[in-house]
Amino acid sequence: MIVKKEGTLTKQVDEFAWSSLHFAAYFGSAKLVKQLLVADREMAYKIIREYNMTPLHLAAINDNHEVVEEILNQCPDTLEAVTSHGQNLLHLACTNKENSRENSKMRDFLGRQHLLQNLIDQKDADGNTPFHAKGKIVLYHPRLEEIDLDRIRHTSLREEMLRECMEVWKERANTHLIVATLIATVSFAAGFTIPGGYNGDDGPNKGMAILWKKAAFQVFAVADTFAMTSSTSAMFLHYLATYERETKRLNRYVTAGILVLIAMVAMMVAFMTGLYVVLPSSSCVAVSICFICSLTLIGLIFSFGKTLSDSFSEFSKYYC
């Protein structure tokens with residue numbers, strides 16, 4: 001929104017010649033980098049004073065290979081730029097990273113783009129090639145440390161929230177798994193002991209459900225199928241979660257919880273329509289069953305909605 005309304009802001013720099021694109025590249029925001037480059041590609045060639053670094057160089061320092069890829073896709077000739085010390089993109093990636101495994105991400109990307117050979121033999125002001133470069137590049141900007149600390153705080157908060165959520169959902173998962181198993185068992189049995197029984201007479205309809213033409217029976221069959229498939233899917237997700245890392249495991253638990261809720265509602269609908277179809281539709285018993293089950297369903301949905309709302313309110317109170 002800001003870029004669309006005030007496009008000239010992309011060209012503005014601070015007293016250290018850092019533009020918005022420099023900050024986005026340094027902190028590894030590939031989405032922001034793409035938006036800023038679309039708005040103003042020229043900023044990819046702007047350098048910061050003293051270091052003579054472009055946004056591409058800043059991305060390489062922190063091994064932000066997604067940002068590097070985005071910049072090179074839109075501005076491939078930025079690859080030729082070197083710093084005031086004569087270091088190219090690969091120099092910076094290798095110099096500022098101690099973990100060789102992290103370095104391999106950048107090298108793999110450059111290798112896939114057939115750019116590695118163009119950089120590997122270049123020497124800096126000290127005569128070092130990228131794989132002989134030593135030391136650690138320290139950039140000075142009064143805001144970098146502050147922004148870094150904010151990012152660390154936010155990262156720590158997300159990790160703490162994830163741990164707390166995982167503890168809660170591990171307890172819920174056990175309950176959900178038991179409920180899902182019971183619903184799957186009941187709905188499976190109901191699917192073969194259908195209301196009204198089967199047609200035993202000889203003829204083309206032999207073995208078919210007697211009440212299959214009634215609308216209530218058809219609703220029963222669909223609801224029972226929903227209960228069976230939802231509960232089985234929830235069981236499968238719980239099983240699959242045992243092989244996933246924590247972030248994905250949490251998503252599996254949440255999805256399984258929603259499926260269990262759907263299965264419970266479907267089971268209630270199947271029970272209601274299953275009884276209704278075998279009773280006279282005008283009888284007080286059939287009407288009472290529909291009324292009680294409908295009232296219960298409304299109460300369950302309302303209670304779930306209120307619980308969900310309270311959970312979000314508590315979450316916002318502590319983390320927002």
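The model is predicted, so local features need pLDDT of at least 70 and side-chain atom pairs count only at pLDDT 80 or more, while totals for chains, interfaces and linings use all residues. Residues are numbered from 1 along each chain as its sequence is written, and side-chain values use heavy atoms, with hydrogens and water left out.

In soluble globular proteins, nonpolar side chains tend to be buried together. The largest nonpolar core here has 31 residues; such a core is a set of buried Ala, Val, Leu, Ile, Met, Phe, Trp, Tyr and Cys residues joined through side-chain atoms within 4.5 Å. Buried means under 20% relative accessible area, exposed over 50%, and partly exposed in between (1.4 Å probe, protein chains only). Those with the most contacts inside this core are Leu21, Val33, Leu37, Met53, Leu58, Val67 and Leu89. Two or more residues each come from α2 (20-26), α3 (30-39), α4 (55-61), α5 (65-74) and α6 (89-95), and α4 gives the largest share, 5 residues. Helices are DSSP runs (H or I, at least four residues), numbered from the N terminus. Another core, of 12 residues, lies apart from the largest one and includes Leu211, Phe217, Val269 and Leu297.

Helices α10 (215-241) and α11 (246-277) each give two or more residues to the patch, and the largest share, 3 residues, comes from α11. Phe226 lies in α10 and counts as partly exposed because its relative accessibility is 48%.
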